[in-house]
Amino acid sequence: MSDLGYINGVIKSKSTELLDLKQVDQLNNLSKDMLINTLQSMQIFKKELTNDEAFMKDEIELKAFLMTLYPANHLIFQLFYLSDDHRVLSNVIKEKLLGLDVELDNRLANIKSSDVLEGLSNNKDLKQLFESLKIKSSKEISDATFKYLHGEIRNKVKKANDDALTLYFKKFTDKENLMLYMRARVFKLSLDTFYPYFLEGGDIKVSFFNELDKIDLKDAYAELRKFYKVENFKSQGKLGSHDFLALLNIDLGQDLLDIIESLTYNLDGYSPSIEYILRRRQIMQSIKEIYYKKEREVNV
């Protein structure tokens, strides 16, 4: 099916089943045992599944629902399951070039290892990518394959000419670039680990990073205020701590989720689908964080 009017109607109807964040936040008030019972009553936890499997189950069910609306090769899947496709592509290449024993397939990816192997034989661009990675490290293979998939998606987002898709893609691209850059700066790596893998298509241009190269890390972080409300970031003041990058990733992820509100009342194009995907993931991530927080408290 491809009728967006029909799809948006189904999505909006399905959205009424989602919890809101106020309801989710109330789970903080429960003991761990009461939380487990509540999640079981909500059909999130099931006795035959481990808790990790239960959280994965919701993502699998989300994709299954989307597949009743969109064809399997649709841009929606390529964009929102990019990390899963990337894992398959990079792991196949790592196995072939580095001899690593890695998991080749996963349940959420749009591609299988067999698709990659076939592409290495008959896809000119993929063959060229493979040849260029023959003397690269595992990290370089990961970064290069991510850029390859991202580039394919970028071209499709351009052709789709959809405001919501473009907004999400730009903010997602900025997040990925910033994390790659800050990781290089924090670990004092050569910036050759960043610039060859810079992703085009975001609002933050490569010239901004060129300017950051000239200043120390603290001032570079402060420069993010040109694009983000840094004063609200959990990573503010955490430079030098072991969890700085993890906190920055959370901050940028939250900024990405903030576009939900701008999509809520937009019924045009892919806005309802993107809002639903992001809101459902936000709810499940919040529930997951509450559960593991309770588990840590019990185990202390």
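Me: How many salt bridges does a search of the whole structure find?
Reply: The model is a predicted one. Side chains of opposite charge can pair when their charged atoms come close. Searching the whole structure for such salt bridges gives a total of 17.

Me: Which residue meets Arg-281 in a salt bridge, and how many residues apart in sequence are the parts that the pair ties together?
Reply: The side chain of Arg-281 meets that of Glu-59 in a salt bridge, at 3.0 Å from N to O. Arg-281 belongs to helix α15 (residues 271-299) and Glu-59 to helix α4 (residues 51-67), so the parts tied together by this pair are separated in sequence by 222 residues.

Me: Is Glu-59 buried or exposed?
Reply: Its partner in the salt bridge is Arg-281, which counts as partly exposed at 24% relative accessibility. For Glu-59 the relative accessible area is 16%. Buried means under 20%, so Glu-59 is buried.

Me: By about how much of a helix are Asp-143 and Lys-139 separated?
Reply: Asp-143 and Lys-139 form a salt bridge, with the closest N and O atoms 2.6 Å apart. Both residues lie in helix α9 (residues 138-160), 4 residues apart, so their separation is about one helical turn.

Me: What is the relative accessible area of Lys-139?
Reply: Asp-143, with which Lys-139 forms a salt bridge, is buried at a relative accessible area of 16%. Lys-139 is partly exposed. The relative accessible area of Lys-139 is 35%.

Me: Is Arg-225 buried or exposed?
Reply: Arg-225 forms a salt bridge with Glu-223, the closest N and O atoms being 3.6 Å apart. Glu-223 counts as buried, at 18% relative accessibility. For Arg-225 the relative accessible area is 52%; since the exposed class begins over 50%, Arg-225 is exposed.

Me: How far apart do the centres of the positive and negative side chains lie?
Reply: The protein chain carries 44 positive side chains and 47 negative ones. The centres of these two sets are separated by 1 Å.

Me: What is the radius of gyration of the protein chain?
Reply: The protein chain contains 15 helices and 0 strands. For 300 residues the globule rule gives 19 Å, and the chain comes close to this value, so it is as compact as a globular protein of that length. The radius of gyration is 21 Å.

Me: What percentage of the residues of the protein chain count as buried?
Reply: The C-alpha atoms fill a box of roughly 50 × 45 × 40 Å along the principal axes. The accessible surface comes to about 16500 Å², with 50% of it belonging to carbon and sulfur atoms. Among the 300 residues, the buried share is 44%.

Me: Leaving aside neighbours within four places in sequence, which residues is Asp-84 in contact with?
Reply: Asp-84 is placed in helix α6 (residues 82-98). Asp-84 is buried, at a relative accessible area of 9%. Beyond its neighbours within four places in sequence, the contacts of Asp-84 are Asn-106, Leu-108 and Ala-109.

Me: Which residues does Ser-113 touch, not counting those up to four places away in sequence?
Reply: Ser-113 lies in helix α7 (residues 113-122). With a relative accessible area of 11%, Ser-113 is buried. Not counting residues up to four places away in sequence, Ser-113 touches Val-88, Val-92, Leu-104 and Asp-105.

Technical notes:
Residues numbered from 1 in each chain as written. Predicted model: local features only at pLDDT ≥ 70, side-chain atom pairs only at ≥ 80, totals over all residues. Heavy atoms only, no water. Helix = DSSP H or I, 4+ residues; strand = E, 2+ residues; numbered from the N terminus. Buried < 20%, exposed > 50% of the residue type's maximum accessible area, 1.4 Å probe, protein only. Contact = heavy atoms within 4.5 Å. Salt bridge = Lys/Arg side-chain N within 4 Å of Asp/Glu carboxyl O. Rg over C-alpha atoms; globule rule 2.2 N^0.38 Å. Areas by Shrake-Rupley, 256 points an atom, 1.4 Å probe, with all protein chains shown as cover. Lys, Arg positive; Asp, Glu negative; His and termini not counted. Charge placed at Lys NZ, Arg CZ, Asp CG, Glu CD.
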